[in-house]
Amino acid sequence: MAQDSDDINLTNQELQVLSELDSRQFGFLKLNTPEQAKKKELVLKAVKYLERMLVQAQNQKERSKHIEKDDTLIQKEINIDPKTYCKLGHFHLLLEDYAKAMSAYQKFFGLKSDYWKDANFLYGQGLVYFHFNAFQWSQFLQFNTRPSQNVWTTGHTSTRVF
């Protein structure tokens, strides 16, 4: 498995192109057209790379649970930045793989306490909800988007307003 991920290399130029892609390009960037075939290939390559990286991190985490040294757990885990899941969600959205986009966005939502500050995430997640006609889920995001604006402070007590 480790050798498979070594086979995927991204150049600086490819990384630059990928860094500019997010949910805002949905509907404008048509990766299924012949003109965008190279970009689609690059996005698929990035998805494959990120998914392998996440699997490796999970495998390493599972192995570290079982390895003990002098009755203490060895703590050499790969820490995955939550933004990785958000970016993966953007790529899946652009590829129109809505189920995988939903999964990645939900993982980001669960890991990032201030997810509401990321407008590209909110837009991408909203597009996925729209695709699945899951409007009740978007209401959950709406009410939890800015906790400080949903709370009225009166004296020493706070009252949540919905």
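**View A. His 90 is a buried residue of the predicted model, with a relative accessible area of 4%.** Buried denotes under 20% relative accessible area, exposed over 50%, and partly exposed the range in between, computed with a 1.4 Å probe on protein chains only. The model is predicted, so local features need pLDDT of at least 70 and side-chain atom pairs count only at pLDDT 80 or more, whereas totals for chains, interfaces and linings use all residues. Residues are numbered from 1 along each chain as its sequence is written, and side-chain values use heavy atoms, with hydrogens and water left out. His 90 belongs to helix H4; helices (H or I, at least four residues) and strands (E, at least two) are DSSP runs numbered from the N terminus. The side chain of His 90 reaches the backbone nitrogen of Ser 23 at 3.5 Å. With residues up to four places away in sequence set aside, His 90 touches Asp 22, Ser 23, Tyr 105, Asn 120 and Phe 121, a contact being heavy atoms within 4.5 Å.

**View B. Asp 22 occupies the loop between helix H2 (12–19) and helix H3 (37–66).** Asp 22 counts as buried because its relative accessibility is 6%. Its side chain forms a polar contact with the side chain of Arg 24, at 2.7 Å. Such a contact is a pair of N or O atoms within 3.5 Å; within protein, one must be able to donate a hydrogen and the other to accept it, and residues adjacent in sequence count only if both atoms are side-chain atoms. Beyond its neighbours within four places in sequence, Asp 22 is in contact with His 90, Leu 94 and Asn 120.

**View C. Helix H4 (residues 82–94) is mostly covered, with 12 of its 13 residues buried.** From first to last C-alpha, H4 reaches 19 Å, close to the 18 Å expected at 1.5 Å a residue; the expected span is 1.5 Å times one less than the number of residues. Among the buried residues of H4 are Pro 82, Tyr 85, Cys 86, Phe 91 and His 92. The buried residues of this helix pack against H2, H3, helix H5 (98–111) and helix H6 (119–131).

**View D. Glu 96 and Asn 133 have positive phi angles although neither is a glycine.** Glu 96 follows H4 and lies in the loop between H4 and H5; its phi is about 60 degrees. With a relative accessible area of 41%, Glu 96 is partly exposed. Asn 133 has a phi of about 55 degrees and is placed in the loop between H6 and helix H7 (135–144). Asn 133 counts as exposed, at 54% relative accessibility.

**View E. Helix H3 has 30 residues, and its end C-alpha atoms are 44 Å apart.** That distance agrees with the 44 Å that H3 should span at 1.5 Å a residue. Buried residues of H3 include Leu 42, Val 43, Ala 46, Val 47, Leu 50 and Leu 54. An α-helix has 3.6 residues a turn, so residues three or four places apart point the same way. Leu 54 and Asn 79 are 25 residues apart in sequence and 9.7 Å apart in space, C-alpha to C-alpha. Asn 79 lies in the loop between strand S2 (72–73) and H4 and counts as exposed, at 69% relative accessibility.

**View F. The largest pocket holds about 290 Å³ of space.** On a 1 Å grid over the protein atoms alone, a cavity is a set of points where a 1.4 Å probe fits but cannot get out, while a pocket is an open set with protein on both sides within 12 Å along at least five of seven lines; lining residues have an atom within 4 Å of a point. Grid points are joined across faces, edges and corners, and the volume is the space filled by probe spheres set on the points. The pocket is lined by 12 residues, with Gln 58, Lys 61, Ile 78, Ile 80 and Tyr 85 nearest its centre. H3, H4 and H5 each supply at least two lining residues, and the largest share, 4 residues, comes from H3. By class, the lining has 7 nonpolar, 2 polar and 3 charged residues; Ala, Val, Leu, Ile, Met, Phe, Trp, Tyr, Cys and Pro count as nonpolar, Asp, Glu, Lys and Arg as charged, and the others, Gly among them, as polar.
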